[in-house]
Every structure is written in structure tokens, then in C-alpha cells.
Amino acid sequence: MKDIRMTVVLTLLLLLVLVGCAKPKVEQTVKLGGAVKTIGDLVVLSGNSNLPKGAVVQIVMKEIEGGKQVLEEKVNVGEDGSYSWSAKRPERAKEYELNVMFLPELQPKHVKEKYGEKGELIKKDSSGRVEYQTDGQTYVGIKMYDRILKIGDGMGGQQSMLAETLPPPAPSY
């Protein structure tokens, strides 16, 4: 009987030690930004973030009129949190919506461990934080926007920054 009590006590102590060693999950602020530049038909994004190396950023370009998706690509974040992307715009005479997103379901294991399988550890005050549904599941991610302006007479290109909402159309003069 004495051996059984001793075994139970030692087992409970071991469990307490193991539970005490587990790291608590802490909410994380995600920063996802970038500068967008157009040069003729070329759209260039130079991004910055506080995401770990290997995190995946998804980039989607859609036509403003009609919302037709014309491009979808993924890029990986580098050691210093930077990422870059460039592509040719389909048509000069159209405006496009550029979406730059951090989506938890696309992330490798080490990134999911930091932000949660469904993004549940992304802090509410993170710029661009969105909740969305995929395959019947609710996820939390980051979505930033820019408007790619059409190229008209005398317009050489644009320089802008990603924003939490789609910027308004450029004024026509």
C-alpha cells in the first residue's frame, strides 16, 4: 500500500512539473506592410513585416470593375521579415485591387505554432486583422490593400503604401 501511495505521489509531482514546463500561448501582433510601385506594366511590391522567416504571404490581384481575379501568388518572408513580389499588369487601361494577406491555413508548422492553427493568437489590434470562413471553419488573418491605378496619358507610374482598406480612386482632372 505504501508503494502505491508513493507511486501516485511521484506521478502527480511529475505531471505538475511537466505542466509547469509547457509554454503558454501568447497573442501576437502581426505587422504586414509594404510599398507598391508601378513602372509601365510592372507592379512591384517591397514588403516588410514582423513575421518569422518562412511565413507565407499571399498576393491576389483583381479587376476593380467586376472583381475578376487575374493573379494569385505566394511569397516567403525572409530572415528580416521582408518579402518582395513583382508581376506584369494584364491591361494598362484597367484599375486593379491588390490584396496582400497573411492567412494561417497557408503557413508552415513553425508559423502556426506562433499564431495558432486558425490565427486565434493574432492580436485584435493588428492592422488589417480580418475574420473569414474557409471550408466551414472561422480563421483570423491579416489583409492589406492597394489600388493599382490605370495608366493614362502622361502618367508614368505610382508609388503608394499598403493600407487597411482599399484606397479611393484617383481623382480625374
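Predicted model: local features only at pLDDT ≥ 70, side-chain atom pairs only at ≥ 80, totals over all residues.
**Entry 1: the hairpin**

I began at a turn: β1 and β2 form a hairpin with two residues between them, and G40 in that turn has a positive phi of about 60 degrees. My strand and helix labels are DSSP runs numbered from the N terminus, with at least two residues (E) for a strand and at least four (H or I) for a helix.

Residues are numbered from 1 along each chain as its sequence is written, and side-chain values use heavy atoms, with hydrogens and water left out.

How many bridges join β1 to β2? I found eight between β1 (residues 32–39) and β2, and the two run antiparallel. Strands pair here if DSSP finds at least two bridges between them. I noted some partners in β2: S49 for L32, V44 for K37 and V43 for T38.

**Entry 2: the sheet around it**

An open sheet of four strands has the order β5-β2-β1-β9, with antiparallel pairing. Its edge strands are β5 and β9 (159–161), each pairing on one side only. On average, neighbouring strands are turned by 15 degrees against each other, direction ignored; the axes are lines fitted to C-alpha atoms, and angles run from 0 to 180 degrees between N-to-C directions.

On one side, six bridges join β2 to β5 (residues 83–88), and L42 has K88 as its bridge partner. On the other, three bridges join β1 to β9, with V36 opposite S160.

**Entry 3: the cores**

I then turned to the nonpolar cores, meaning sets of buried Ala, Val, Leu, Ile, Met, Phe, Trp, Tyr and Cys residues joined through side-chain atoms within 4.5 Å. The largest has 28 residues, and L32, L51, V57, W85, V100 and F102 touch the most other members. Elements giving two or more residues to this core include β1, β2, β5 and α2 (109–115).

**Entry 4: aromatic pairs**

Rings of Phe, Tyr and Trp (its six-membered ring) pair if their centres lie within 6.5 Å; planes under 30 degrees apart are stacked, over 60 edge-to-face, and the rest tilted. I count two aromatic pairs. F102 and Y115 are edge-to-face, at 5.3 Å centre to centre and 75 degrees between the planes. F102 is in strand β6 and Y115 in helix α2, so this pair ties together parts 13 residues apart in sequence. Y132 and Y139 are stacked, at 5.7 Å and 15 degrees. Both F102 and Y115 are buried, and so are both Y132 and Y139.

**Entry 5: a loop residue**

Finally, I checked D135, in the loop between β7 (129–134) and β8 (137–148). D135 has a positive phi of about 50 degrees although it is not a glycine. Most residues other than glycine have a negative phi. D135 is exposed, with a relative accessible area of 75%.

Methods:
Buried < 20%, exposed > 50% of the residue type's maximum accessible area, 1.4 Å probe, protein only.
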